[in-house]
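Colleague: Before we discuss any single feature, could you put the model on screen and take me through how you would read it?

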Amino acid sequence: MIKGWGRPFEEPIEVDGRSLATLREAGEYIAGLPKKEHDAPEWRAAMEALLLVVERGGPTMFARIGVMRALNRHHVPEFNPKGKEPHWGRRKLKRDQ
C-alpha cells in the first residue's frame with residue numbers, strides 16, 4: 001500500500017487541462033498558485049486536508065473534497081423555485097374517496 005504523498009485519488013481531479021491524480025500533484029498545484037489565491041481560506045483548508053490525509057493516513061476522499069471545494073468556491077448554485085411543488089392540501093384517505 002502506498003503511503004504519504006504518493007497516494008492516488010480514487011478519481012483524478014481535472015483542472016486547467018491537467019489531471020491531479022496523487023496527493024503530491026494536488027499539493028504542487030496549490031503551491032504553484034499566485035500568492036493572493038493561495039492565501040484564500042478555501043485553499044488553506046484544502047492544503048490542511050491534504051496534510052492531514054498524508055500525515056494521519058486518512059481517506060484520500062477528504063483531500064479531494066477540500067480541493068474540489070476550493071476550485072468551485074466562486075460557483076453559486078442556482079435556486080429553482082419551481083423545482084418540486086409542495087402538496088399543501090390535506091391528504092385524502094382511501095376511505096374518504
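Predicted model: local features only at pLDDT ≥ 70, side-chain atom pairs only at ≥ 80, totals over all residues.

Colleague: Which elements does the chain contain, and in what order do they run?

Modeller: From the N terminus on, the order is β-β-α-α-α-α, which comes to four helices and two strands.

Colleague: What span should the 16 residues of α3 have?

Modeller: The expected span is 1.5 Å times one less than the number of residues. For α3 that gives 22 Å, and its end C-alpha atoms are 22 Å apart, which agrees.

Colleague: Which residues of α3 are buried, and which are exposed on the face turned away from them?

Modeller: An α-helix has 3.6 residues a turn, so residues three or four places apart point the same way. Taking buried as under 20% relative accessible area, exposed as over 50% and partly exposed as in between, with a 1.4 Å probe and protein chains only, the buried residues of α3 are W43, A46, A49, L50, V53 and V54. Seen down the helix axis, they fall within an arc of 130°, so they line one face of α3; the arc is that of the directions from the axis to the C-beta atoms. The face turned away from this buried side carries the exposed residues P41, R44, E48, E55 and R56.

Colleague: What do the buried residues of α3 pack against?

Modeller: With contact meaning heavy atoms within 4.5 Å, they pack against α1, α2 (35–38) and α4.

Colleague: How should I read the largest nonpolar core?

Modeller: In soluble globular proteins, nonpolar side chains tend to be buried together. A nonpolar core is a set of buried Ala, Val, Leu, Ile, Met, Phe, Trp, Tyr and Cys residues joined through side-chain atoms within 4.5 Å. The largest one here has 18 residues, of which L23, I30, W43 and V67 touch the most other members. The elements giving two or more residues to this core are β1 (8–15), α1 (23–31), α3 (41–56) and α4 (60–71), and α3 gives the most, with five. Leaving aside neighbours within four places in sequence, V67 is in contact with I13, A26, I30, W43 and A46.

Key:
Residues numbered from 1 in each chain as written. Heavy atoms only, no water.
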